[in-house]
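Have the viewer open and follow along.

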Amino acid sequence: MLVELLAVMAPVLIVAGIGYGWARSGQPYPTDFVTRLVLNVSTPCLVLSTLSRAEVDLGVFSQVALACVIITGLMAMVGLVLSRLLATDARVLVPAYMFPNTGNMGLPISLYAFGEPGLALAVAFFVVLSVGHFSVGLMLSGAAQSWRRLLLNPVIISLCVAVGVLLLDLSLPRWLDNTVSLLGSLSIPMMLLTLGVSLGSIRPRQLGRGFALGGVRMLCGAAIGWGVAVMLGLPPLAQAVLVMQAAMPVAVFNYLFAVRAGRSPETVASLVICSTLLSFVLIPLLLVWWLPLSGQG
């Protein structure tokens with residue numbers, strides 16, 4: 001089991017560590033350019049490539065998407081209750097609890113732990129959460145996003161194409177399949193590098209509070225993810241993926257949105273940093289439990 005855990009976590013730690021070291025060394029890193037490239041080119045290609053190749057049960061796929069909506073709503077309630085108890089601005093804590101890092105960390109961990117079938121299900125969770133993050137999340141943070149722009153998002157378009165391919169039992173032409181596979185392969189390493197760079201650039205404060213709230217976010221996410229998976233009667237692999245995605249640390253984009261809106265970015269920064277550090281302890285513990293149950297360990 002230790003060898004399996006190392007195989008899952010080592011690539012994540014090493015690549016993110018390279019990004020962190022790059023940022024701390026003072027070398028320039030075009031975060032805005034890379035983020036746009038990942039969101040507009042490589043991630044849509046990853047979605048299309050993964051879903052068009054994987055043997056995906058559309059029923060399970062849609063259930064994972066539904067589960068993501070339910071989990072996000074329940075986590076919003078947890079964040080709202082905590083913000084009331086701690087007399088904290090709900091527009092700071094609620095988005096941080098709603099939107100975990102299912103892209104930069106969730107996708108690679110799902111790939112290395114559960115293989116291509118797990119990655120396909122993780123993509124379902126990631127896409128649905130991304131739609132919410134770049135619509136509801138932006139509105140909660142004080143930034144605006146038009147519905148027209150959201151519908152024209154390349155990730156959404158690629159998902160529609162992929163679902164069409166699955167429903168019609170089609171296959172992409174070889175030249176197109178190779179192209180989207182090549183471009184999609186950029187997504188995970190660039191996400192991890194950017195995560196490391198972002199962590200190296202953020203200056204957190206209130207670390208004690210950050211560790212406490214970050215830990216609560218991840219534990220509640222794992223518990224709610226498991227409960228929703230059981231409620232929907234998902235198969236073991238889908239349950240494992242759902243728990244992992246729901247238990248991810250606070251997404252870096254929450255910090256970027258807080259900076260843009262000028263809404264307590266230091267608090268959000270501490271949540272991002274502390275929950276990410278905690279994830280390197282909590283995620284392996286979850287994998288110890290869920291890898292054998294998923295049938296992939």
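Is Asp 89 buried, partly exposed or exposed? With a relative accessible area of 31%, Asp 89 counts as partly exposed, because that class runs between 20% and 50%. Please keep in mind that this is a predicted model.

**The overall build**

Let's step back to the whole chain. The protein has 13 helices and 0 strands. Its radius of gyration is 18 Å, close to the 19 Å that the globule rule gives for 297 residues, so the protein is as compact as a globular protein of that length. Along the principal axes, the C-alpha trace spans about 50 × 40 × 40 Å.

Of the 297 residues, 53% are buried. The protein exposes about 13,200 Å², and carbon and sulfur atoms supply 69% of that area. Among contacts with a separation of 6 or more, 85% are between residues 24 or more positions apart.

**The nonpolar core**

In soluble globular proteins, nonpolar side chains tend to be buried together. Here, the largest nonpolar core has 94 residues. Those with the most contacts inside it are Leu 51, Leu 107, Phe 114, Ile 283, Leu 286 and Leu 287. Helix α5, residues 102-141, gives this core its largest share, with 15 residues.

Leaving aside neighbours within four places in sequence, Ile 283 is in contact with Met 9, Ile 109, Met 218, Met 244, Ala 247 and Met 248.

Phe 280 lies in helix α13, which covers residues 265-294. Phe 280 is partly exposed, with a relative accessible area of 26%. Beyond residues up to four places away in sequence, Phe 280 touches Met 9, Val 12, Leu 13 and Met 105.

**Around the α3 to α4 loop**

Now back to the region where we started. Helix α3 covers residues 58-85 and α4 covers residues 90-98, with Leu 86 in the loop between them. Leu 86 is partly exposed, at 37% relative accessible area. Together with Val 81 and Leu 85, Leu 86 makes a nonpolar surface patch of about 290 Å².

Ala 87 lies in this loop too. Although Ala 87 is not a glycine, it has a positive phi of about 55°. With a relative accessible area of 71%, Ala 87 is exposed.

Ser 83 sits in helix α3, and its relative accessibility of 2% puts it in the buried class. What does Ser 83 touch, not counting residues up to four places away in sequence? Its contacts are Thr 88, Asp 89, Ala 90 and Leu 93.

**Salt bridges**

Side chains of opposite charge can pair when their charged atoms come close. How many salt bridges does the structure hold? There are 2, and they are set out here.

| Salt bridge | N to O distance |
|---|---|
| Arg 36 and Asp 32 | 3.2 Å |
| Asp 89 and Arg 91 | 3.4 Å |

Arg 36 and Asp 32 both lie in helix α2, residues 31-53, where they are 4 residues apart, about one turn of the helix. Asp 32 is exposed, with a relative accessible area of 51%. In the other pair, Asp 89 is partly exposed at 31%, and Arg 91 is partly exposed at 45%.

**Where does α1 lead?**

One last stop is Arg 24, found in helix α1, residues 2-24. Arg 24 is partly exposed, with a relative accessible area of 47%. Arg 24 and Gly 196 are 172 residues apart in sequence, yet their C-alpha atoms are 9.8 Å apart in space. Not counting residues up to four places away in sequence, Arg 24 touches Gly 200 and Arg 203.

How values were computed
Residues numbered from 1 in each chain as written. Predicted model: local features only at pLDDT ≥ 70, side-chain atom pairs only at ≥ 80, totals over all residues. Heavy atoms only, no water. Core = buried A, V, L, I, M, F, W, Y, C linked by side-chain atoms within 4.5 Å. Buried < 20%, exposed > 50% of the residue type's maximum accessible area, 1.4 Å probe, protein only. Helix = DSSP H or I, 4+ residues; strand = E, 2+ residues; numbered from the N terminus. Contact = heavy atoms within 4.5 Å. Patch = residues over 30% accessible without salt bridge, like charges linked within 9 Å, V, L, I, M, F, W, Y side chains within 5 Å. Areas by Shrake-Rupley, 256 points an atom, 1.4 Å probe, with all protein chains shown as cover. Salt bridge = Lys/Arg side-chain N within 4 Å of Asp/Glu carboxyl O. Rg over C-alpha atoms; globule rule 2.2 N^0.38 Å.
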